[in-house]
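Hi,

Here is the structure I promised to pass on to you. Have a look at it first, and then read my notes below.

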Amino acid sequence: MSAGETTRAPAGDAVLSATDVTKIYRMGEVDVHALRGVSLELRVGELMVLVGSSGSGKSTLLNILGGLDQPTSGEVRHRETRLDGASDAALTRFRRDHVGFIFQFYNLIPSLTARENVELVTELVDDPMSPKEALELVGLGERLDHFPSQLSGGEQQRVAIARAVAKRPDILLCDEPTGALDYKTGVQLLQVIERINHELGTTTAVITHNAPVGAMAHRVVTMRSGEIQDVVVNESPVAAAELEW
Amino acid sequence: MSRVFHPLDRKLVRDLSKMKGQVVTIALVVACGVAAFVAMRSAHASLLDARNAFYADRYFGDVFATLRRAPNVLRDRLEAIDGVALVDTRIVAGGVMPLEGVAEPPTATVVSLPLSLNQVHLRSGRLPASRSRDEAVVSDAFAIARDIGVGDVVPLILGGIRKDVHIVGIGLSPEHILMLAPGQLAMDPGRQGVLFMDRGAVEAALRLEGAFNSVSLRLQNDAPAHDVIDRVDAVLAPYGGIGAITRDKQLSNSLLSQELDQLGNMATQVPPLFLLVAALLLHVVLSRIVQLQRSQIATLKALGYGNRQIGFFYAKLAATIVSLGAALGLMLGAWLGASMVSMYSSFFRFPTLESHVDVRTAMIAVGVSVAAGAFGTFTAVRKVLALPPAEAMRPPAPDTYRRGVLDMGFARKILGGSARMVLREVQRRPLRVFASSFGIAIAVGILVVGRFFGDAMTWMVDVNLHETQRWDVQVAFREPLPLSSLGNLRLLPGVHRVEGLRSVPVRVSSGSRHRSLAILGYPGDGTTALQRVVGSDNRTVALPEQGAVLTRLLGDLLHVHIGDELDVQVLEGARRRVSVPVAGFVEEPFGLQVHMRSSALHALLGQEPSVNAALLQLDPQVAGATSARGLDERITALPDVVGVAHMANVVETFKKQSEQTILAMSIVLTIFAMTIVVGVVYNNARVALSMRERDLASLRVLGFTRGEISAILLGELAIQVLLAIPLGLLFGRFFVHAMSTGATDPEMYRLPEIVLPSNFAFAATVTLAGAFVSALLVRRKLDKLDLISVLKTRE
């Protein structure tokens, strides 16, 4: 079934779209078919959750949508602009101007403090939040000058979120943001993401292998073996605080 | 923005402080290269400037000629020669200064005043009064060596007459910056002095009233020197002229040029080696840093940083390290350069000699080292930047290892698991292993060169000189004397054996190739003489009845072979032109010579046998004893004697002088080479440690001891060092070849390319010691390996 035709957008036009995208990696001496003809749209203002087991291709899809990687074949667009086959400089520009990323392992620069990690981004764009404002938004206003090694996992991930949203991106892409966190910290984190989606209207996609998280989304897309298996529209999303797993 | 520093700049500072050890060791290698370059270039430039200023200020001549005696009116004919701008005719004569308490009386070169060319620069005092008979200005190097001051009285034997000379001034002349006394191998300022005296006094002493015996000329710009020399020779020939020479062949200038060229060559040959090693190190270290920071680079790319910004970041990292090294190198270089200049200033007498580092040299040094660093960095960063960020964020795929020779039955049995891990790593990254071995090998090569000069000098003195010169005392005569005049010497007490030596100034040619030199005549076939012809293989050459034996290089320069006829223009006496068959060649370390039997030589000259030097062998109990002093006094009292040299002093002076400079150079080169060894080994060990931290920690968890995991890590380094040593000895051999041919004027002096086993042993030992120290430093890190945190960190 084709995702784009059967799912109703909770709001507006497609910000990002992938059409018939495939991706083949060469890992050492084996070919890995990570995506096998995937089509999907991410629409303005929506909060989408991508679920699926490890190796189902969700991270690959998110990386391609975010301009971190190129598809082997198929078409990827940001509004009207083609991203597949775009130059490295064009993709850099796209990521810089439009996308905020959050990764499972935080990927903070260990030699920079929380504030400096956020400054890495605010230096790059025209109208950013102040690093302090961004860190306050994720509840870390008190820990501005701590190095990553002095922060807990949840705190580090919140710095990563602050870093991602400080530049006021149109799109927030989160790859297993709670993957390395315990239940309580994970829920707090999802609340932050929810708040950004609601208050700032940032189009958000969250990858998780944790199916119950889908309850907070407008749409839940399930992936398996490099294909989209199922798309479910959620008419009444649950608040992140009420999630349980 | 209120902040001064971009967050990436802070990352830069913190990254650098985390890798302090590596920053310091690489910066030191850069510093050595820059320092060597700056020191040698500055010393070279400073000396060259001082020389040129002196030459210009005191009108150093372009052409020099010596003759027996010509009337002053001949000056007009010399002035009339096309291309001649200025002529100075003077009297230059050899004398002896039998100083009180000095065993071997120093020789005096007496030069008549006034001079219009090659003028005296006064350091203190005044010039001799006109018409004064006993006043003189003494050369300052000699004055310093013999502690002579204005107001002192010095005895002088000139033209067989002894007189007391009053020193009224101390000065120096561009014609006598460096001096080599007859029979000397090394410059010893205390062995020869120059006395500048009023012309009348010199004329009277030598009975040369109204005449001159030496000419110096200045040429008009672009006048062809060789044409002028031909005409000058034609004018002076009837007056005993022995062939004019250009300033390149003038003794002081040619010695000076040789020293300066040597320094200039070293300045261009040595520093690039250091910078090459620094570039290699930066490449190896930055490649690893970039790999370790792969995911950070990917994150920056995900955040929207472009390749250029990230590339710029690593370029700044490298530039900081290189700049630190370059700054240190500039300071060290300026200091070393100044010490070199001050060392040279005790040999080279210039009115003003100031050490300065010119901006151009500094800029070249910094520019080249930064370029080397940039090259090393660029090659390291390029690969990671080419990866899409998503891929860079994933840990790299496990390295591909293959089963190879090591897994064959036999090797499997003898190699334990650890040894196999070490060897597989080497097999897997042969390029990296080769790069570090190459760097260490350069250091080994530098160590070999550092010791080579000492070994070569020792060989020349202890082996070659002892074989060729078997006399104890050499006596130089003012002019050729009949053999019978040796009789006086034979009568002296303590003298065991006396032999004459004849040297004849000639110009030899073959076709259009020619050289001016001396033919030496030996008694008999020369094999039992007190001075012999000995080849580099230490075999004494027996001279043939007829024909001449040539220095091998001379044969090559003239393109002559055994059996060819050599065209000889004698430059004294009747100035005959004859031809001599080439009978053989001999490899010799010093100069260009033609050796003949004395009988054959005199037949050639059409003269009765004569000698212009006597070689004395003393009774063993007299040689070296205090009674030798009395002997010297008796010898110098003989007529026509212009110099006395003792073999023991010749050797001692030569050793003393070369030891000082060689020791200093050897120490500097050894320190520099150690810096490279530690730089390469330490950085490689750190890189290897960071790459294999997880493997090693896993092994510790499995129960390996610290010693065992150290063996795995350090085993790889040991292989690099062990590969480097033989390679480095080869490099050393090559550098020695380059130095012995490029660093000296081969026509003056050929350093034998000998590298003694002790030199190789020294280089290998120093390298191993440097490697061992570096290994200890890394071993300390290894002992502190935090097992749990290493295993928890995500690659």
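In strand β8 of chain A, the bridge partner of D175(A) is I207(A). The two strands involved, β7 (residues 171-175) and β8 (residues 203-208) of chain A, pair in the parallel sense over five bridges. Strands count as paired if DSSP finds at least two bridges between them; helices (H or I, at least four residues) and strands (E, at least two) are DSSP runs, numbered from the N terminus.

Before you go further, please keep in mind that this is a predicted model, in which local features need pLDDT of at least 70, side-chain atom pairs count only at pLDDT 80 or more, and totals for chains, interfaces and linings use all residues. Residues are numbered from 1 along each chain as its sequence is written, while chains are lettered from A and ligands numbered from 1 in the order in which they are written.

Back to chain A. Strands β7 and β8 belong to an open sheet of six strands with mixed pairing, in the order β6-β7-β8-β3-β9-β10. Its edges are β6 (99-102) and β10 (227-233) of chain A; each has a single partner strand, so one side of each has no neighbour in the sheet. On average, neighbouring strands here are turned by 15° against each other, direction ignored. (Axes are lines fitted to C-alpha atoms, for helices over the stretch in contact, and angles run from 0 to 180 degrees between N-to-C directions.) Helix α6 (residues 153-165) of chain A packs on this sheet, touching β6 and β7 of chain A, and its direction makes about 170° with that of β6(A). Helix α7 (residues 183-200) of chain A also packs on the sheet, where it touches β3 (47-51), β7 and β8 of chain A.

Chain A has another open sheet to look at, with four strands in the order β2-β1-β4-β5 and antiparallel pairing. Here β2 (30-43) and β5 of chain A are at the edges with a single partner strand each, so one side of each is left without a neighbour in the sheet. Strands β1 (residues 14-27) and β4 (residues 73-78) of chain A are joined by five bridges, and A18(A) has V76(A) in β4(A) as its bridge partner. Strand β4(A) also pairs with β5 (residues 81-82) of chain A over two bridges, with H78(A) opposite T81(A). Two residues lie between the strands of this hairpin, and R79(A) takes a positive phi near 50°.

Now for chain B, which has 23 helices and 20 strands.

What is the largest nonpolar core like? It has 190 residues, and A162(A), A278(B), V444(B), V448(B) and V681(B) have the most contacts inside it. A nonpolar core is a set of buried Ala, Val, Leu, Ile, Met, Phe, Trp, Tyr and Cys residues joined through C-beta atoms within 7 Å, and two residues are in contact if their C-beta atoms, placed from the backbone, lie within 7 Å. Helix α2 (residues 20-57) of chain B gives this core its largest share, 18 residues.

Enjoy exploring!

How values were computed:
A residue is buried if 20 or more other C-beta atoms lie within 10 Å of its own, exposed if 12 or fewer, and partly exposed in between; C-beta atoms are placed from the backbone.
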